[in-house]
Amino acid sequence: MNRTHVAVLGAGIIGAACARELALAGFAVTIVDRGGPAAATTSHGEGNVLVSDKGPGPELRLAQLSRRLWPEVLAGIAERSARGAKAVQAVEWEPKGGIVVATTETGARRLARFGAAQREAGVLAEVLDTVALDFAEPFVTRDRTAALHYPEDAQVQPAGAAVALLADALAAGAALRTGCEVRGAITRGGRLTGVRTSAGLLEADLFVNAAGPWSGELAARLGAPVDVRPRRGDVLVTTPLPPIVFHKVYDADYVGAVGSSAEELQTSAVVESTRAGSVLLGSSRRRAGFDDRLRPEVLSAIAAKALRLFPGLAGVPVMRAYGGFRPYVPDHLPVIGADPRLPGLWHSTGHEGAGIGLSLGTALLLRDLMLNQPTEMDVSAFRVDRPAVLGGATAHPVRHTTRHPPSEDTA
């Protein structure tokens with residue numbers, strides 16, 4: 001019996017998670033990326049697996065599903081082979097928890113309301129008094145008005161996590177093609193049956209657009225545009241330090257920045273340590289297209305916010321700075337499912353800065369949808385044909401052809 005062939009377009013954390021889930025479910029999977037595994041957005045993230053920054057609703061439910069899956073999936077990879085066990089070590093899974101700190105009276109009231117709503121949705125959000133906060137984070141600012149502890153928050157090494165998922169997919173029979181850029185669509189009878197790539201024609205039964213911030217451009221090339229845009233973020237990395245930050249700690253303003261649709265620069269204090277001893281300082285959000293230049297004024301604003309939260313970081317050398325692009329959708333929800341305009345095309349994208357944390361739940365939902373099985377949660381909020389996804393997309397006509405067009409006819 002012939003297996004359904006699925007081509008996953010993108011080898012970041014979302015593509016890796018989807019490829020793994022589909023390969024284990026018995027699909028014949030080919031993963032395609034114009035670069036290398038986890039070489040773009042995934043490797044430029046902080047590796048957050050968070051429930052703390054999400055209010056009640058479908059994204060929080062997806063985050064809770066994914067958080068439940070992370071330790072289960074990692075244990076399964078480690079049990080299947082010695083190579084898998086080694087790969088899991090590189091994931092650096094650390095369920096260290098998160099702490100959200102308010103530094104104003106207004107922020108304290110908002111945080112209290114936010115935490116109460118989250119608890120109603122099943123999130124562990126524990127109030128920390130002054131003594132408890134000092135014990136948990138002895139170096140945090142004394143100018144605080146409230147704090148919540150989120151024991152379910154966790155962290156991974158993002159590139160290591162993606163590679164572990166990819167390795168498990170390959171062990172299950174998937175194939176990986178790197179340095180292979182998708183350039184256009186091949187359709188037969190109105191159905192997507194192949195893609196033209198820089199390495200030649202790739203045919204499959206189903207195609208998954210998992211190209212992260214480039215998903216909008218890729219979808220347009222395939223003739224079914226979606227409104228997924230890049231949203232820039234930057235991070236500062238200190239030199240290795242003695243232990244000074246013990247959780248993921250961020251200012252209560254961070255939640256508002258995540259949910260904002262503003263184009264101009266927004267910064268909020270996000271501070272966390274790594275196993276190597278460096279401290280990561282974020283975060284920023286700005287819509288700047290694919291401009292990958294580091295902006296001194298952005299880095300300065302990030303540092304200033306971080307110092308308000310951890311004054312003891314003053315004078316600590318910054319070893320490097322890096323930035324990346326988040327796949328932004330105007331309504332801040334992922335895009336998961338089949339594209340009704342072009343049979344054969346599926347989407348798994350639009351997770352903005354939460355792709356690491358949401359990846360495993362997304363992959364499970366995609367698998368069940370492809371198998372026409374009941375899903376773990378209602379997926380209607382993530383559907384492709386909602387106004388936020390299609391409303392701002394730039395239309396490109398689908399070329400209906402049964403042959404491989406000449407190279408000059410590329411999108």
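1. E352 is found in the loop between β19 (345–349) and α10 (355–370), where helices (H or I, at least four residues) and strands (E, at least two) are DSSP runs numbered from the N terminus. E352 has a positive phi of about 50 degrees although it is not a glycine, and at 9% relative accessibility it counts as buried (buried means under 20% relative accessible area, exposed over 50%, and partly exposed in between, with a 1.4 Å probe and protein chains only).

2. On the basis of this note: this is a predicted model, in which local features need pLDDT of at least 70 and side-chain atom pairs count only at pLDDT 80 or more, while totals for chains, interfaces and linings use all residues. Residues are numbered from 1 along each chain as its sequence is written, and side-chain values use heavy atoms, with hydrogens and water left out.

3. A38, which lies in the loop between β2 (28–32) and β3 (48–49), is not a glycine and yet has a positive phi of about 55 degrees. The relative accessible area of A38 is 4%, and the residue is buried.

4. A cis peptide bond runs from G282 to S283, with omega near -5 degrees. S283 is found in strand β16 and is buried, with a relative accessible area of 4%. Not counting residues up to four places away in sequence, S283 touches D234, Y254, Q266, T267, S268, V270, I302 and R326, contact being taken as heavy atoms within 4.5 Å.

5. The axes of helix α1 (residues 13–24) and α6 come within 8 Å and cross at roughly 25 degrees; axes are lines fitted to C-alpha atoms, for helices over the stretch in contact, and angles run from 0 to 180 degrees between N-to-C directions. The two helices α1 and α6 are therefore roughly parallel to each other (angles under 35 degrees count as roughly parallel, over 145 as roughly antiparallel, 65 to 115 as roughly perpendicular and the rest as oblique). On the α1 side the contact is made by I13, A16, A17, A19, R20, A23 and L24, and on the α6 side by A161, A162, L165, L166, D168 and A169. By class, this contact of α1 with α6 has 11 nonpolar, no polar and 2 charged residues (Ala, Val, Leu, Ile, Met, Phe, Trp, Tyr, Cys and Pro count as nonpolar, Asp, Glu, Lys and Arg as charged, and the others, Gly among them, as polar).

6. Helix α3 (residues 82–91) also meets helix α6 (residues 158–171), with axes that come within 7 Å and cross at roughly 160 degrees, and α3 and α6 are therefore roughly antiparallel to each other. Here A87, A90 and V91 in α3 meet G160, A161 and A164 in α6, and the residues of this contact divide into 5 nonpolar, 1 polar and no charged.

7. A search of the whole structure finds 4 aromatic pairs (rings of Phe, Tyr and Trp, its six-membered ring, pair if their centres lie within 6.5 Å; planes under 30 degrees apart count as stacked, over 60 as edge-to-face and the rest as tilted). One of them is the edge-to-face pair of W214 and F325, at 6.4 Å centre to centre and with 85 degrees between the planes. W214 lies in the loop between β12 (206–209) and α7 (215–221) and F325 in strand β17 (residues 318–328), so the pair ties together parts that are 111 residues apart in sequence.
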